[in-house]
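Hi,

Here is the structure I said I would pass on. Have a look at it first, then read on for what turned up.

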Amino acid sequence: GVLVGLSIERNSRTAWVEEQTLLAEKNAIDKSVSTTERMLLNCIPSVVLQQLGKGEKSVVHDVESASVGFILFDDIISVTNNSSESPSDLVVKINSFIGLVDDLLAKTPDVIKLKNIPYVVVCGCSQPVADHAQQIADFCIAALQTASKANIRARAGVHTGRLCAGLLGTTNFIYDIFGDSVNIAARISHSAPVGTLQVSQETRFRLPNIVFASRGRIYLKGKGKVQTYVLAVSDNADEFLHRGSTPSETGSL
C-alpha cells in the first residue's frame, strides 16, 4: 500500500511538473507572438496585415493626404562612411542609438517606420488619421531631442501631401511609400539646419500649435524655390536661426 501511494504521489508530481512546463512554454510562445506582432505593427500597418491575412496578394493605397518625415543623423552617416571600427562593433553602436528612437514609436501607434538610415516615418497612409502632421512632427521633435542628448547631430524634414503606399514582395515583405511628397520630404530634410525640424508650407498649415521661423523660399532640387519653416529643437541648432530668421504666424498660409 505504501509503495502504491508513493507511486501515485510521484506520478502526480511528474504530471504537475509537466503541466507547469507546458504552461511556461505556452506563455513564452504567447509573449514571443505578442512581441512579433508589435514589431510588425511598427513596420506594417494593421490594416495591411489584415488584408494579407485575407489572402490579398496586392496591397496598394492611393492616399490623398499623409505626412512623411525624414530624420538624418549626420554623425551616424559620417561614422558609417569613415569609421575604422569593425563592422560588428559599428552595428552594435548604431543599433544602440536607433533602439532609443524606436522606443518612441510605442508612444505614437499611428506612426509607421519605413527605414533606419535615413530614419523615415509616415502617418496617415493606410487609414485616415486626422492629426497625421502633428504626430509626425511630434515624433521628429522627440527624435531630435534624443539625438541631442546622445551628442549626435541630426536634422529632420516633413512634408504633407498625396502619396502611394504599398507592400512589396511575396515572401520578404517591405512596406514602402512613393510619390512626389516623399521626394519633397527627403529634400527638405537634407536642407534643414542641424538641430532643427524643417517643414513645408503644406505641413506648417496643419500645425497651429507650433511657432516656426520662416526660412523664406529655398531651392530644392527638381522643385525650384519652395517656402519652408524651421523649429529649433537642439541647443546646438545652426547659427542660421539667430541671424534674422522671421517668426511666422501659426496655422495659416
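Let me start with contacts: among those in the protein with a separation of 6 or more, 71% are between residues 24 or more positions apart. Please keep in mind that this is a predicted model.

Some overall numbers next. The protein has 253 residues, and 41% of them count as buried. DSSP gives 7 helices and 9 strands.

Now the inside. The largest nonpolar core is made of 36 residues, and the ones with the most contacts inside it are Ile71, Phe73, Tyr119, Phe139 and Leu197. Two or more residues each come from strand 1 (60–73), helix 4 (87–102), strand 3 (119–123), helix 5 (132–149), strand 4 (154–168), strand 6 (196–200) and strand 8 (224–232). Helix 5 gives the largest share, with 9 residues. There is also a second, separate core of 20 residues, which includes Val63, Val120, Val122 and Ala165.

Setting aside residues up to four places away in sequence, Ile71 touches Pro118, Tyr119, Phe139, Cys140, Ala143, Leu144, Arg155 and Ala156. Pro118 sits in the loop between strand 2 (111–115) and strand 3. Most peptide bonds are trans, and most residues other than glycine have a negative phi.

On the phi side, Asn151 has a positive value, near 60°. You will find Asn151 in the loop between helix 5 and strand 4. With a relative accessible area of 68%, Asn151 is exposed.

Strand 4 and strand 5 (residues 174–178) run antiparallel and are joined by 5 bridges. Within that pairing, Cys164 stands opposite Phe178 in strand 5. The hairpin has 5 residues between the strands, and Gly169 takes a positive phi there, near 100°.

What about disulfides, how many are there? The structure holds 0. For Cys123, the closest cysteine sulfur is that of Cys125, and at 7.9 Å it is too far for a bond, because a disulfide needs the two sulfur atoms within 2.5 Å. Cys125 is likewise in no disulfide, with the sulfur of Cys123 as its nearest at 7.9 Å. Are these two cysteines buried or exposed? Cys123 counts as buried, at 0% relative accessibility, and Cys125 is buried too, with a relative accessible area of 3%.

Last stop is Val226, in strand 8. Its relative accessibility is 17%, so Val226 counts as buried, since the cut-off for buried is under 20%. Beyond its neighbours within four places in sequence, Val226 is in contact with Gly216, Arg217, Ile218 and Leu220. Val226 and Ile184 are 42 residues apart in sequence, and their C-alpha atoms are 9.7 Å apart in space.

Over to you!

Notes: Residues numbered from 1 in each chain as written. Predicted model: local features only at pLDDT ≥ 70, side-chain atom pairs only at ≥ 80, totals over all residues. Heavy atoms only, no water. Buried < 20%, exposed > 50% of the residue type's maximum accessible area, 1.4 Å probe, protein only. Core = buried A, V, L, I, M, F, W, Y, C linked by side-chain atoms within 4.5 Å. Helix = DSSP H or I, 4+ residues; strand = E, 2+ residues; numbered from the N terminus. Contact = heavy atoms within 4.5 Å. Pairing = 2+ DSSP bridges.
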